[in-house]
Amino acid sequence: MSAAVSGGGGRIEGLSAKRQSGSERANRLARRSLPPTYGRLNDPMSGFMVLRLASTCAAIRRVNLAGFKFLYELLSVSEGKFKVEEVLLNFRSRRTGNSKLDQAVVWDWLVSLLHTFTGRIMPRRAISFGLVGLVGMGIHAGIFFVLRIAGWSFLSSQIVAVIVAAISNYLVNNILTFRARRLRGTALLIGLIKFLVVCSLGLVANIGVSTAVYTNMREGSLGIVAVFAGIVVDFIWKYAASSRLVWNVPY
């Protein structure tokens, strides 16, 4: 493989200091997520690749084609068994075309890092769905407290916050998590209705499971266990159901 790096025989031209610094930080995190044998690589995410098919074929079949970068995905599933050498090159200024770096690419990079750091035990799409859910929790809390400060009742504030957070989650998931099956036009509105139904059923399951766990716990146990159990069931239901019913993709 070949890689462009600043120093050590390679040179990068045409990138702003901010872009180059961001690239270096991204590569540093990527190296930490990979097996230790690849720790000396300068750029494990891009470059021109030459592979020995006989020794990489099995790993290639395990690569997630929806992943961030093919090389990074290949190294992450290889369990550190590959012998990799880098040939440094000079990365020159772009003459034509535009950069493909956008929010979706950065999001894919973050999801791939978490996917690798967690041992790839969860589907990438589930990790993305969970991250969107965390953002939605922040939106929920923010709207709730703003409305309460404005004098709204607890119930009214909670209802508005829940609905706005759910709509936000739906739109962000449509743009990022399920962008290969992105809904538009009338399908976007129909999908929103389905998603809200899925979320409402998930809320019922959350309350039911957490209540059942709490009432069957031994005296003195922490209620947080019951709350966590409800959240897990709620997440699994929302992810599986919305994948199938809203975006029509396997979970």
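Arg120 counts as partly exposed, because its relative accessibility of 22% falls between the 20% and 50% cut-offs. In this predicted model, Arg120 sits in the loop between helix 4 (103-117) and helix 5. Its backbone is worth a look: phi of Arg120 is near 60°, a positive value in a residue other than glycine. Most residues other than glycine have a negative phi.

Glu79 gives you another case, with a positive phi of about 60° although it is not a glycine. You'll find Glu79 in the loop between helix 3 (70-77) and strand 3 (87-91). With 51% relative accessibility, Glu79 counts as exposed, since the cut-off for that label is over 50%.

## Helix 5 against helix 6

Now for the helix pair. The axes of helix 5 (residues 124-149) and helix 6 (residues 154-177) come within 8 Å and cross at roughly 150°. Angles over 145 degrees count as roughly antiparallel, so that is the label for helix 5 and helix 6. The crossing of helix 5 past helix 6 is right-handed.

As for who takes part, the contact of helix 5 with helix 6 has 13 nonpolar residues, 10 polar ones and two charged ones.

## Asp234 in helix 8

Asp234 belongs to helix 8 (residues 223-245). Its relative accessibility is 10%, so Asp234 counts as buried; the cut-off here is under 20%.

What does Asp234 touch, leaving aside its neighbours within four places in sequence? Asp234 is in contact with Gly202, Leu203 and Asn206.

Key
Residues numbered from 1 in each chain as written. Predicted model: local features only at pLDDT ≥ 70, side-chain atom pairs only at ≥ 80, totals over all residues. Heavy atoms only, no water. Helix = DSSP H or I, 4+ residues; strand = E, 2+ residues; numbered from the N terminus. Buried < 20%, exposed > 50% of the residue type's maximum accessible area, 1.4 Å probe, protein only. Contact = heavy atoms within 4.5 Å. Axes fitted to C-alpha atoms, helices over the stretch in contact; angles between N-to-C directions. Parallel < 35°, antiparallel > 145°, perpendicular 65-115°, else oblique. Left-handed = near helix turned anticlockwise from the far one by under 90°. Nonpolar A, V, L, I, M, F, W, Y, C, P; charged D, E, K, R; others polar.
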